[in-house]
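Please examine the sequence and structure shown below before reading on.

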Amino acid sequence: MVPERAVILAAGLGTRLGNITEETPKGLLKVAGREILYRSMKILEELGVEEFVIITNKKYENKYRDFIEKNNFKAKIVINEHPERGNGYSLYLAKNVVNDKFLLLMSDHIYGRTFLQEAVKGEGLIVDRNPRYVDIEESTKVKVKDGHIEDIGKHLKDFDGVDTGFFALTPEIFHTAEEILSEKDTVELSEVVKRAKLRVTFVDGLFWTDVDVPEDIKKARNLIVKTSVKGVGDGFISRYLNRKISTRVSSLLVDYITPNQITVITFLLGIFSALLNFINIPLAGIMYQISSILDGVDGEIARASMKTSRFGGYVDSILDRYVDFTFLLTLAYVAIKEPLWWAIVGIAIFGSVMVSYSTECYRAVYGRSIYEEIPTMRYLIGKRDERIFLTMLFCLIGQIKVLFILLAVLTNLRVALTVWLVWKKNRG
């Protein structure tokens with residue numbers, strides 16, 4: 001069961017980020033189009049957390065209050081008048097507002113959805129034995145013995161994993177913090193969890209990272225975009241060519257453009273590529289492929305900036321059909337004069353439309369992605385990215401009639417195989 005409350009430590013002044021945090025606290029820095037803290041809070045809210053407690057300093061109090069109000073989060077602000085006393089002291093200040101099991105996280109850590117889904121099920125400190133997205137040398141290491149913390153620190157030589165900055169705690173932790181505070185004024189969270197011999201839960205290899213220095217912002221933005229690529233449904237060309245380019249473009253644009261804006265730009269570029277058929281067919285083919293590469297950018301930006309919408313995906317799919325139809329029609333008009341060949345052109349265009357229709361129709365009827373329900377579909381050739389790449393190649397070598405024959409056969413064969421796979425699944 002997911003705890004009802006999550007405590008967020010956000011009292012640090014972020015001095016390692018220099019002037020960046022002079023006016024904006026680290027938790028409210030935008031990375032890939034969203035505040036760091038928004039990402040964690042929104043996902044945790046969806047997972048079942050009902051209330052947040054943000055421990056911050058007086059300087060940033062109003063910033064966080066505005067953030068909470070703007071995004072309609074249910075949250076309390078607790079002011080740490082002495083942030084110099086350490087993050088262990090910040091944790092201790094939550095003792096009067098937390099009376100049951102709670103989550104604890106850092107405001108400058110970025111957590112992926114899958115990581116959080118697993119972490120909220122854990123107990124104690126969440127430790128990663130396979131940290132793929134952080135610099136291990138700069139990370140806090142954890143030595144584990146019998147499922148509990150034996151030692152913790154940045155300079156450990158012998159360790160079992162890395163501290164993710166995410167905890168599932170009980171109010172007993174405040175007794176340990178109070179005990180240390182009775183001995184000295186400054187206390188770090190690592191001291192508290194070490195003395196408490198906190199239990200450890202391993203969540204390995206999933207996306208999480210932190211932001212400590214200016215270089216981390218760019219690194220985190222790139223990682224968020226790369227981990228926001230559509231999980232299934234990409235064709236061969238998208239996986240091995242288009243995404244390698246589109247994710248770089250998305251990283252450059254994600255902080256400056258909305259998904260809807262890039263959808264319109266890509267659509268206009270696709271129509272422009274179709275009109276280029278009247279001027280230069282090879283150039284039109286290249287431009288068509290460029291529009292295909294950029295077609296992935298709107299989805300990447302939407303997922304990275306947490307601005308996905310069903311309507312956006314719906315419109316994008318419709319505009320793609322218009323681009324494909326317009327390009328193939330203008331290409332045929334310019335390159336094919338014999339009336340008999342237009343029957344093949346019609347079959348090719350109809351098949352291209354039916355490839356998308358056959359998969360989207362499955363979602364409409366069965367309520368799930370056909371690529372998740374029938375994994376074999378991922379290996380069928382003929383998806384849009386593959387067809388566009390094929391179109392570009394044949395435009396470059398001037399074999400337009402051969403192209404339409406291939407498209408007519410490839411697309412309709414794929415549709416037939418799709419129907420057969422669906423029939424086979426339902427029969428089983």
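## Cavities

A search of the whole structure finds 3 cavities of 30 Å³ or more. On a 1 Å grid over the protein atoms alone, a cavity is a set of points where a 1.4 Å probe fits but cannot get out, and lining residues have an atom within 4 Å of a point. A volume is the space filled by probe spheres set on the points, which are joined across faces, edges and corners.

The model is predicted: local features need pLDDT of at least 70, side-chain atom pairs count only at pLDDT 80 or more, and totals for chains, interfaces and linings use all residues. Residues are numbered from 1 along each chain as its sequence is written, and side-chain values use heavy atoms, without hydrogens and water.

## The largest cavity

The largest cavity has a volume of about 70 Å³. Its lining includes Thr-263, Phe-267, Asp-316 and Arg-384. At least two lining residues come from each of α9 (259-275), α10 and α12 (310-335); such helices are DSSP runs (H or I, at least four residues), numbered from the N terminus.

## The second largest cavity

The second largest cavity has a volume of about 40 Å³. Among the residues that line the second largest cavity are Tyr-288, Asp-324, Arg-384 and Leu-407. Helix α15 gives the most to this lining, with 4 residues.

## A partly exposed residue

Ile-286 is found in helix α10. Ile-286 is partly exposed because its relative accessible area is 36%, between the limits for buried (under 20%) and exposed (over 50%), with a 1.4 Å probe and protein chains only.

Definitions and conventions: On a 1 Å grid over the protein atoms alone, a cavity is a set of points where a 1.4 Å probe fits but cannot get out, and a pocket is an open set with protein on both sides within 12 Å along at least five of seven lines; lining residues have an atom within 4 Å of a point.
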